[in-house]
Amino acid sequence: MMLACDNLAIRRGQAEVVRGISAELRPGTITAIVGPNGAGKSSLLMGLAGLLPAESGAVRLDGTPLTELASRERACRIGYLPQSTEIAWDVAVENLVALGRMPHRDRGSEPVEAAIRVMELEELRTRPASQLSGGETSRALLARVLAGEPQWILADEPLAALDLAHQITLIDHLKSCARSGMGVVIVLHDLAMAMNHADRVQVLEEGALAADGTAQEALTPETIARVWGADVEWIGMPGRQAIVASSRD
Amino acid sequence: MNRAALIFAALLVVLVPLSLLAGRVWIDPATTPNAALILMELRLPRAVLAIVIGGGLGAAGAAMQGYLRNPLADPGLFGIAPMAALGAVASFWVGASWALPVFALAGAGLAMVLLALVAGRTPSGAGGGIALFTLAGLMIASLAGALTALAITMAPSAFAMSQIVLWLNGALTDRSWDEVWIAAPLTLAGIAVLVFAARSLDALTLGEDAARSLGIDPRVLLFLLVAGVGLTVGSGVAVAGIIGFVGLIVPHLVRPLTDRLPSSLLLPSALAGACLVLAADSAVRVLPFVTELRLGIALSLVGAPFFLWLLLRMRRGRL
C-alpha cells in the first residue's frame with residue numbers, strides 16, 4: 001500500500017506552497033517531514049492526505065490517484081490528524097474516539113475499544129473533552145484516528161502540545177503503529193525527534209525537497225545550516241542523539 | 001430515539017391536550033357549546049402548527065449551531081427568515097396578502113438559491129469556507145432587513161403598514177388547516193434533510209480539515225444545510241411570521257441531556273422546539289391582555305434575557 005506523490009505542486013491562494021515534490025512512502029515506516037516555518041510541511045501533508053487539490057502532479061495510493069478514490073474510501077484508508085486540537089463540543093472521550101468510525105458508517109465498538117486501550121484512555125472514557133489536559137486531548141484525538149483502522153496515519157505536529165514524557169509515549173505509539181504495518185507520516189519541528197525516531201526524513205525548504213533519505217543522510221549539519229541558517233552539530237550515540245549549537249572555537 | 005427525545009416527546013404528549021383546552025375561553029368538552037367544532041377547526045390546527053413551526057425551528061437551530069460550531073448560532077444567520085419575511089411584506093405591498101405564504105416561500109427560495117450560489121463558489125479545501133459562507137448569509141439577512149424597512153416606510157397605506165408590522169411580529173392567531181398543509185410537509189422534509197446531514201455535522205466537531213479527512217464533503221453538507229434550514233425556517237415564516245429565539249434557546253436547553261454531538265441533539269431539539277412554541281402560544285392566549293400578545297414578541301421577551309444570561313455564562317467559561 002504505497003503512498004506516492006509525483007511532481008506534486010500545491011497552490012494556496014496566490015502562493016505555490018509545494019513545488020515539484022516526488023516521493024514514494026512505504027508502509028511499516030515512520031517518515032518525518034521537517035523544515036523551517038512556512039516551508040510547506042502542513043500543505044504537503046494535507047496534499048498527501050488528499051485534502052488539498054494538486055495544482056499539478058498527483059498523489060497515488062497503491063497506484064490509484066487519490067482524486068479517483070471516493071472521499072469515503074480515501075477516509076477509510078488514510079487517517080489524518082490535524083495540528084489543531086479543536087473539539088467544538090464538550091464530548092466524552094469515548095464518543096470522540098468513535099467519530100473515527102464515521103467513514104466505515106458503523107460504531108465499530110471493537111476498533112474503538114482497541115484505540116482507547118492503545119492510547120491508555122480507559123479511565124478517561126467518560127470524561128468530557130473540556131476536562132482533558134493537552135496531552136490527554138492529543139491522545140484522544142490520535143485514538144480517534146486509530147479507531148478508523150487506516151492503512152496510513154498522517155499527523156501534523158502531533159507532539160506540539162505535549163510535555164517530554166507524553167512526546168515519548170506518543171512517538172512510541174506511532175512506532176508501534178508502524179511496526180504493525182501502517183504507514184506513518186508526521187510533521188515535526190523537533191529535529192532530534194526526527195533524527196532518533198524516523199526511518200526516513202524529508203527536509204522541506206520553500207515548498208521543495210531540500211533533502212530526502214534516512215535521518216542520518218537528510219539531517220546533516222550542512223543541510224541544517226543551509227535550510228535553517230543555524231550552525232549546529234549532533235552529539236550522542238546514533239538513535240539517542242541531541243542537537244546543539246556548534247562551538248565557535 | 002435517545003433519552004432527551006423521549007423526555008420531550010412525553011412533555012409534548014402532556015402539552016397537546018392542555019393547549020387544546022387553554023385559551024381566553026377554557027373549553028370543557030362536556031359543557032362548552034360547539035366544543036368539537038372549536039377544537040377541530042380552531043384549536044387543533046393552531047396546536048399542530050405550533051408543533052410544526054417549533055419543531056422546524058428547534059431542528060434548524062441545532063443544525064446551525066452544529067455547523068457553525070458555535071452555541072450562539074441561530075437559524076436567522078443564513079438570512080433565510082429575513083428573506084421570507086421580505087417576500088411576505090412584498091405581498092402586502094402589492095395588495096396580494098391572500099398569496100402571502102407563496103410570496104414568503106418565494107423569498108425563502110430566493111435566499112436558498114443565493115446561498116447555494118455562494119456555497120458553490122466557496123473554496124473547498126482552503127479552510128475558512130464556513131466563515132465566508134456565514135458572512136454571505138449575514139449580508140443577505142442585512143439586505144433583506146433593509147428592504148423590509150424600506151417597504152414599511154414606503155407602504156402604500158397606513159393599513160398596509162400596520163398589517164406588515166403586525167405580521168412581522170409572528171403569531172398563530174386565526175390560523176387554519178390551510179396553513180398546516182403548507183407548512184407541515186415542507187418542515188418535515190426540512191427536518192428529514194437535516195437528520196440526513198447530522199452525522200456530517202458530528203464530524204465538524206473536530207474542525208473542517210478533520211471532517212474532510214473523515215470523508216465529509218463540505219459542499220454537500222452546505223447544500224443539505226441550506227435546504228434543511230430553508231425548508232423549515234422558510235415554511236415557518238410563510239405561515240406565522242418571524243418567531244425568534246426558539247432556534248437559539250432550544251438547543252441549549254437540550255444539549256446537557258445529550259452526549260452533545262449534533263446528531264444526538266437534532267430530534268430532541270425539534271421536539272423541545274415544538275413544546276416551547278406550543279406552550280408559549282398557549283400562554284399568550286391565556287394571559288389577560290386587551291389583545292392577544294403576539295407570539296413572536298412573547299418569545300423575544302423571554303429569549304433576549306436568556307441570550308444575555310448565556311453570554312455572561314460563557315464569559316465565566318461554563319459553556
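Is A:Asp62 buried or exposed, and how many other C-beta atoms lie within 10 Å? Let's work up to that one by way of the whole chain, keeping in mind that this is a predicted model.

Start with chain A. If you'd like a box to picture, the C-alpha atoms take up roughly 55 × 40 × 35 Å along the principal axes. Inside, 46% of the 249 residues in chain A count as buried. And if you look at contacts in chain A with a separation of 6 or more, 66% of them are between residues 24 or more positions apart.

Now for the backbone. Most residues other than glycine have a negative phi. A:Asp62 has a positive one, near 55°, and is not a glycine. You'll find A:Asp62 in the loop between β4 (56-61) and β5 (64-65) of chain A. Back to the opening question: A:Asp62 has 12 other C-beta atoms within 10 Å, and 12 or fewer counts as exposed, so A:Asp62 is exposed.

Hop over to chain B for another case. B:Phe245 isn't a glycine either, yet its phi is positive, at about 70°. This residue sits in a loop too, the one between α9 (218-240) and α10 (246-254) of chain B.

Notes:
Residues are numbered from 1 along each chain as its sequence is written. Chains are lettered from A and ligands numbered from 1 in the order in which they are written. This is a predicted model: local features need pLDDT of at least 70, side-chain atom pairs count only at pLDDT 80 or more; totals for chains, interfaces and linings use all residues. A residue is buried if 20 or more other C-beta atoms lie within 10 Å of its own, exposed if 12 or fewer, and partly exposed in between; C-beta atoms are placed from the backbone. Two residues are in contact if their C-beta atoms, placed from the backbone, lie within 7 Å. Helices (H or I, at least four residues) and strands (E, at least two) are DSSP runs, numbered from the N terminus.
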